[in-house]
Amino acid sequence: MKATIHRTWTSLLPEDDAHPYRTGAWRPQLNEWDADDLDVVEGAIPDDLAGLYVRNTENPLVPAFERYHPFDGDGMLHAIRFAGGRARYRNRMVPTRALAQELAAGGPQYAGIAEDPRLSRHPGWGARGGMKDASSTDVIVHRGRVLSTHYQCGDAYAFDAETMEHLGAEPWVPQDTGISAHPKVCARTGELHYFRYGKAAPYLHYGVVDAHGERVHDVAVPLPGPRLPHDMALSERFVVFGDFPIFWDPALLPRGIHRPRWDPAMPSRFAVLPRRGRTDEVRWFEAAATYVLHFVNAHEDGDELVLDGYAQRDPMPRPQPELHGEYAWLMRQVDIASLRPSLRRWRMNLVTGACREEDLSPTLTEFPSIDPRVAGVRHRHVWSMTGRPGWFLFDGILHTDLVTGRERRFGFEDGVYASEVAVAPRPGAAGEDDAWIVTFVSDTIRDVSECQIFAAHDVAAGPVARVRLPERIASGTHATWSAA
């Protein structure tokens with residue numbers, strides 16, 4: 001391995017930090033690396049694996065005013081590029097405007113998600129206002145540009161997909177609200193589809209950026225009040241958004257209190273409209289009460305629009321102070337075992353307006369990935385992450401075959417945690433599972449990190465290659481794959 005430090009950042013966190021999501025597997029990283037010819041410590045990098053795997057993570061440099069939530073942490077991108085059986089790695093902090101302000105001020109300037117937004121010393125960003133745009137949630141690639149985004153809306157920060165050079169914030173992002181994490185890129189048209197939301201009516205907007213980077217569409221998708229959407233889905237002809245019965249308590253909002261409320265007596269609703277559709281073309285479908293953090297995919301089947309996602313059985317689990325002490329307000333909010341999400345399918349009949357739903361698996365899992373070639377059309381295979389009970393940590397990879405119902409899992413040893421996987425199809429692949437599965441791994445036992453590669457059809461067999469990174473990286477959130 002040929003590795004040099006590109007930059008070392010300054011941390012303002014306390015030296016004796018004991019926060020569970022700023023230590024252990026979530027220990028922040030201060031070094032940016034340029035590393036070429038990475039060492040393969042087991043197996044061999046497949047010769048036909050060519051492209052970029054990049055992952056975002058919360059990598060906090062600045063403490064909170066009062067209560068740090070892991071989703072508040074500053075963004076850091078980790079990128080590994082494969083070609084010809086070799087690999088190179090770059091990692092970069094996302095140099096957001098908010099981070100620059102806080103480092104210059106020597107301390108926090110913006111309230112986190114678990115804090116009163118009135119603590120913020122600047123107007124801030126976010127669907128609720130007064131919030132830091134940490135750009136640490138999602139990452140996609142559009143027009144050869146890696147884009148990082150934040151889950152409660154903000155800028156889209158761009159990096160060159162080849163060099164990971166920072167290119168600034170994308171100019172097409174609406175400056176009054178920003179955009180949410182989880183925009184979708186259509187491989188067929190090159191368009192980027194996004195959504196943005198906030199506390200002002202009509203509360204939700206849908207937009208499109210064309211293949212040349214121009215914003216060409218932005219319309220309202222009116223909601224009854226402020227909501228907390230997190231993801232969207234695309235089929236070949238339609239776009240889908242969720243309106244779930246968990247939202248800021250409307251009785252408390254006038255007092256500036258943004259406390260989520262779960263109302264299981266209310267239905268879930270799905271908005272369906274044509275791509276680049278008008279507000280008057282929005283159609284609503286009702287389903288059982290739940291909350292969906294992430295959708296898998298959407299596709300059309302005759303008169304029906306089929307949507308797969310992870311329905312939570314307990315969207316607001318009660319804190320357990322007897323187990324988690326002073327962090328009880330946090331721990332169960334981000335724990336797969338507590339939220340209990342499992343794979344569900346909704347079938348929305350575009351002729352009758354009816355919605356049917358069925359559970360596809362009882363397994364508790366989340367953070368799905370599919371073959372990017374079947375995004376928007378019928379899919380068969382899903383690769384998702386299982387979680388360590390009690391923590392927001394991924395302890396295994398689950399492969400679900402939706403035709404046979406078969407599920408196979410690879411579990412990492414205790415103390416070793418993976419990142420959301422990405423699916424890298426093999427050239428000329430005959431099927432969705434004729435691919436490679438790529439993930440970053442943080443090993444807290446040996447204090448190292450690796451990129452591990454699995455055969456998609458048999459993840460349970462373990463990695464076919466393990467590639468060493470120059471330093472242990474913090475656990476992370478979302479990832480993506482971009483073919484060479």
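Arginine 143 sits in the loop between β7 (138-142) and β8 (145-149), strands here being DSSP runs of E of at least two residues, and helices runs of H or I of at least four, numbered from the N terminus. Arginine 143 has a positive phi of about 60° although it is not a glycine. This is a predicted model, in which local features need pLDDT of at least 70 and side-chain atom pairs count only at pLDDT 80 or more, while totals for chains, interfaces and linings use all residues. Residues are numbered from 1 along each chain as its sequence is written, and side-chain values use heavy atoms, with hydrogens and water left out.

**Backbone details**

- Most residues other than glycine have a negative phi, and most peptide bonds are trans.
- Arginine 143 counts as partly exposed because its relative accessibility is 36%, where buried means under 20% relative accessible area, exposed over 50% and partly exposed in between (1.4 Å probe, protein chains only).
- Histidine 182, in the loop between β10 (166-169) and β11 (184-185), also has a positive phi, near 70°, and at 4% relative accessibility histidine 182 counts as buried.
- A cis peptide bond with omega of about 10° joins alanine 201 and proline 202, and proline 202 lies in the loop between β12 (192-197) and β13 (204-209).

**Overall form**

- The protein chain holds four helices and 34 strands.
- The radius of gyration of the chain, taken over C-alpha atoms, is 21 Å, close to the 23 Å of the globule rule for 484 residues, so the chain is as compact as a globular protein of that length; the rule is 2.2 Å times the number of residues to the power 0.38.
- The C-alpha trace spans about 60 × 55 × 50 Å along its principal axes, and buried residues make up 60% of the 484 residues.

**Nonpolar cores**

- A nonpolar core is a set of buried Ala, Val, Leu, Ile, Met, Phe, Trp, Tyr and Cys residues joined through side-chain atoms within 4.5 Å; the largest has 30 residues, and Tyr21, Phe412 and Ile437 have the most contacts inside it.
- At least two residues of this core come from each of α3 (328-331), β26 (381-387), β27 (394-401), β29 (416-418) and β31 (435-443).
- A second, separate core of 24 residues includes Trp33, Ala35, Tyr53 and Phe82.
- Leaving aside neighbours within four places in sequence, isoleucine 437 is in contact (heavy atoms within 4.5 Å) with residues including Trp383, Val421, Phe454 and Val459.
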